[in-house]
Amino acid sequence: MRYLFLAMILGALLVVGMFGLRGHKFSETPVEIFPDMDRQDRVNAQSRSGFFADGVGSREPVAGVLPMGFSIPDAPVEDGDPVLDGFSLPGSYFNSGRIGEHYGDGMPDGLTVDESLLSRGKERFGIYCAICHGASGDGEGTLANFGNMRPVANLHMPQFADSSNPQYRPDGELFEIITIGRARMGAYGGAIPAADRWAIIAYVRALQNAVKKAAADKGAAEPEPDADVSPQQALNNQ
Ligand code: HEC
């Protein structure tokens, strides 16, 4: 027992001798058993850095850097088209849906409504929009039955589908609605690259045309916004 006490006292003296008392200041580098990432090779924002010759920690962008918009470009800028491959050029119709101050209508230069664009649009609409707007765009998607989502816009209503309606939303406005959202609908610009937003718009127009054609086939004067069209009908009618 005596030896145990002695060993404990010696042990305590050894620890205090090596590490000092609490609050004790050392001139030597402290022994750190767990450094806890206290010191890191990084630059704090707005602070100096001895790493760079001019001592400035926050660096300017490298010369020739292009601003990137919501999407990662599809190709390096020297190989690709700066607009179509996803570099934002402020003010371009492709990236804003606007021509000057007004919404444009129709596809931007370089995009043609063909089978590959429509099937891309169909696929993207199925991924991003159908959950709320329904596969046919009638606003009866699965989520329309939950929470405060109802009513989800029925994209076959005249303000969306009939270009002679005073409230009509042209293609450029649809682009903006997808990009930044509107009212209770969230923004999808961060998830859907600009070219895919246009493909979705082309496909929404195809769905609307399918409803109009179904109405014309039935001899109805006004298309029935609740008519159910299948995505395949939309593609067949183009
Ligand atoms: C989470 C559900 C949800 C998703 C996903 C969604 N929407 Fe919507 N959308 C809504 C709701 C709800 C409204 C009605 C907004 C309101 O008027 O408050 C709406 C409205 C709209 C409108 C009409 C806006 C106006 O001018 O009144 C358009 C066009 C539209 N959505 C297109 C799309 C497209 C295209 C997609 C896919 C990229 C999409 N939405 C994805 C819920 C959704």
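## Helix 1 and the residue after it

Gly 20, which follows helix 1, has a positive phi near 80 degrees; helices here are DSSP runs of H or I with at least four residues, strands are runs of E with at least two, and both are numbered from the N terminus. The model is predicted, so that local features need pLDDT of at least 70 and side-chain atom pairs count only at pLDDT 80 or more, while totals for chains, interfaces and linings use all residues. Residues are numbered from 1 along each chain as its sequence is written.

Helix 1 covers residues 2-19, and its 18 residues should span 26 Å at 1.5 Å a residue, which agrees with the 26 Å between its end C-alpha atoms; the expected span is 1.5 Å times one less than the number of residues. Because the number of buried residues among these 18 is zero, helix 1 lies largely in the open; a residue is buried if 20 or more other C-beta atoms, placed from the backbone, lie within 10 Å of its own, exposed if 12 or fewer, and partly exposed in between.

## The chain as a whole

The chain has eight helices and two strands, which follow the pattern α-α-β-β-α-α-α-α-α-α along the sequence. Of its 238 residues, 24% are buried.

## The shell around the ligand

Among the 22 residues around the ligand, Cys 129, Cys 132, Ala 153, Ala 183 and Met 185 come nearest, a residue being near if its C-beta atom, placed from the backbone, lies within 6 Å. At least two residues of this shell come from each of helix 4 (130-133), helix 6 (171-180) and helix 7 (194-218).
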